[in-house]
Every structure is written in C-alpha cells, then in structure tokens.
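Please look over the structure below before reading on. The paragraphs after it go from the whole chain to two single residues.

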Amino acid sequence: MQLDSSGLQVLSREECLGLLSTTPIGRIVFTDHALPAVQPVNFHLDGHSIVIRTSTGSKLAAATRRAVVAFEADEFDPELRTGWSVTAVGHARAVTDPDEMDRLAALPLPIWAPGSRDHYIVIDAEQVSGRRIPA
C-alpha cells in the first residue's frame, strides 16, 4: 500500500475505476465562458469511459464538445471518517454515431433530472487518480 505525504492511501488506476463503477453520481468540471464550472451528474462507467446523459441544448452539452474536462466521484462516511475520492481527466466528446447511441441507450444509466436526456457525452479517462482515507 502506497501512502501520500498526508497519510492517504494512493489508489491504482484499476482501484480507481473499480470505485467509480460503484457510485451513480459524480461531478464534471468544465469551462463555461472561460471560467471553471462544476455540475453534479449521474453517470455510468463503460470500460474506461465515463458516460453522461444530458439534453442536446444544455450548457453542459455545449461546453464539453471536444474539450478537456475533469470528473470526480467520491464516497465518505463522516462517522467513521473513512472514504475515497477519484478524479479522471480526459477529452469529452458528443456521441453522434447512431449505433453507439443505441449501445449507450442500453446501459444502466437512468435519467434523474426531468426532461428529455437524449444527448450522450463520453469522457475518455486518460488520467485517473484517487485517494482513500483508511479506517
């Protein structure tokens, strides 16, 4: 087990991806009018890619086209003071291929927010890092 300078456990890429697959909510960090923006989203991990559904005309859909974005998910237990956090950085892309859209539509990625969510954003997790607060 590798620890960072603050005593947190450093997670491997495989451990990070495993943890991402256990939680349905994360935060995407993108640029909106040259300023950083953060938005909570539900997602599904598809291999090494993070899949998000949104509406076609949303600010998120417009801001993430071919952009480098960050994605973060975590889980903490305040009583036990344990938890983990995983961050992924990569290029986001809008899905336009009908066959890929059909495949993504079959993923267990339910719509949480009201309204139509027929636009898919895929983030290829190029850099992944994570930390765990041990029990």
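What follows is a short walk through a predicted model.

Start with the order of the elements. The protein has 3 helices and 9 strands. Read from the N terminus, these elements run β-β-α-β-β-β-α-β-β-α-β-β.

Next comes overall size. The C-alpha trace spans about 45 × 35 × 25 Å along its principal axes. For 135 residues, a compact globule would have a radius of gyration near 14 Å, and the 16 Å of the protein agrees with that. Among contacts with a separation of 6 or more, 66% are between residues 24 or more positions apart.

Now consider the surface and the interior. Of the 135 residues, 39% count as buried. The protein exposes about 7,700 Å², and carbon and sulfur atoms supply 55% of this area.

Two residues can be followed in detail. Aspartate 32 is found in strand β3, which covers residues 25–32. Is aspartate 32 buried or exposed? Its relative accessibility is 18%, so aspartate 32 counts as buried, because buried means under 20%. Apart from neighbours within four places in sequence, aspartate 32 is in contact with Ala37 and Lys59.

The second residue is glutamate 100, placed in helix α3, residues 98–105. Glutamate 100 has a relative accessible area of 18% and is therefore buried. Which residues does glutamate 100 contact, leaving aside its neighbours within four places in sequence? They are Arg93, Val95 and Val122.

Notes. Residues are numbered from 1 along each chain as its sequence is written. This is a predicted model: local features need pLDDT of at least 70, side-chain atom pairs count only at pLDDT 80 or more; totals for chains, interfaces and linings use all residues. Side-chain values use heavy atoms; hydrogens and water are left out. Helices (H or I, at least four residues) and strands (E, at least two) are DSSP runs, numbered from the N terminus. Buried means under 20% relative accessible area, exposed over 50%, partly exposed in between (1.4 Å probe, protein chains only). Contact means heavy atoms within 4.5 Å. The radius of gyration is taken over C-alpha atoms; the globule rule is 2.2 Å times the number of residues to the power 0.38. Accessible areas come from the Shrake-Rupley method with a 1.4 Å probe; for residues, only the protein chains shown count as cover.
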